[in-house]
Amino acid sequence: MKFSPYCSLLTGFFFGLILWERLTGIASLRITHLSVPPWIESGSKESVVLDCEYDLTEKDKSLVVKWFLNNDPEPIYQWIPELKSRHFSYRLEGRVSLNYTVFPSDEYTKYRAIKIFRPTIDLSGLYTCTVGSLSGTDSKDKQMIVYSPPTVFMLNYTYISSDKERLRCQAEGVFPLPHLVLYEMTSHSRSRQLTTNLFENELLDLTGAYIVEVSKDLTMEELEGDEPRVFKCVLTIPGTEYLAERSVVYYPDATGGHDVAVSVNMALLIISLSLLQLVA
């Protein structure tokens, strides 16, 4: 297919116009920076501010600023400066500062941000800021993970049969869905991974947090030996720096009876040993 000189001229003129607008600053509005914290612990911060900075031009009339959360088509916040209209969805009612303004600001920027008091896990997700005017629109998005550490986190053994034990790690009240890994600690502080994230149970509690469990069946042949065996469960929350772990020590029974497994909370163990030394 051949292009006529006239078509090529129009194409060149079109792209030249776009370039000229960008270089001279006459292009339509654009978002220059989106400020959203990547992660926070649920209920731990007095407040967080989500801010959407943008550049305006003289052509940007009838400005509308909207914030969306996840796939909800209804904005959680909308501001129309020219109408002096602000609206928060039911998800933010009573949970935001109505007087918060950015600084420095003017009549077209002062209410662009949202100040949320003590965000909880129901406000975790992808935040999208959309700014529109008669001359155009722009949008940017960022993830804010509001995480909840587990309220219950334990590792123990369950007797299955005369030749089998079940290593079981359970976490409750955690959000979002965590990553659980079972290890056996070997010599020189090394570890051998036994299983990871093969959840037998994956439930939600009344708050929307997860109840999860991983397990590994071990035979007596695998557990035989004269030395105690140390197993560990490590819990991490993806997208955050949160990490917790629990350990259990397995003691082979030298008398030939049923082997013994003792759950150990490492922090409590260290404290107990220190107290014994002080008493002695």
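The side chains of Glu-213 and Arg-168 make a polar contact at 3.2 Å. This is a predicted model. Glu-213 sits in strand β15, which spans residues 210–219. Its relative accessibility is 10%, so Glu-213 counts as buried.

**The sheet.** Three strands form an open sheet in the order β1-β3-β7, with antiparallel pairing. β1 (30–35) and β7 (114–117) are the edge strands, each pairing on one side only. On average, neighbouring strands of this sheet are turned by 15 degrees against each other, direction ignored. Five bridges join β1 to strand β3 (residues 47–55) in the antiparallel sense. His-33 has Glu-53 in β3 as its bridge partner.

**Salt bridges.** The count comes to nine salt bridges.

| Pair | N to O distance |
|---|---|
| Asp-55 and Arg-30 | 3.6 Å |
| Glu-46 and Arg-118 | 3.0 Å |
| Arg-95 and Asp-122 | 2.8 Å |

Asp-55 is partly exposed at 37% relative accessible area. Arg-30 is also partly exposed, at 47%.

Glu-46 and Arg-118 link distant parts of the chain, 72 residues apart. Glu-46 is in the loop between β2 (39–41) and β3; Arg-118 is in the loop between β7 and β8 (125–133). Glu-46 is exposed, with a relative accessible area of 53%. Arg-118 is partly exposed at 40%.

Arg-95 belongs to the loop between β6 (85–88) and β7, and Asp-122 to the loop between β7 and β8, 27 residues apart. Asp-122 counts as partly exposed at 38% relative accessibility.

Note on methods. Residues numbered from 1 in each chain as written. Predicted model: local features only at pLDDT ≥ 70, side-chain atom pairs only at ≥ 80, totals over all residues. Heavy atoms only, no water. Helix = DSSP H or I, 4+ residues; strand = E, 2+ residues; numbered from the N terminus. Buried < 20%, exposed > 50% of the residue type's maximum accessible area, 1.4 Å probe, protein only. Polar contact = N/O pair within 3.5 Å; in protein donor to acceptor, adjacent residues only side chain to side chain. Pairing = 2+ DSSP bridges. Axes fitted to C-alpha atoms, helices over the stretch in contact; angles between N-to-C directions. Salt bridge = Lys/Arg side-chain N within 4 Å of Asp/Glu carboxyl O.
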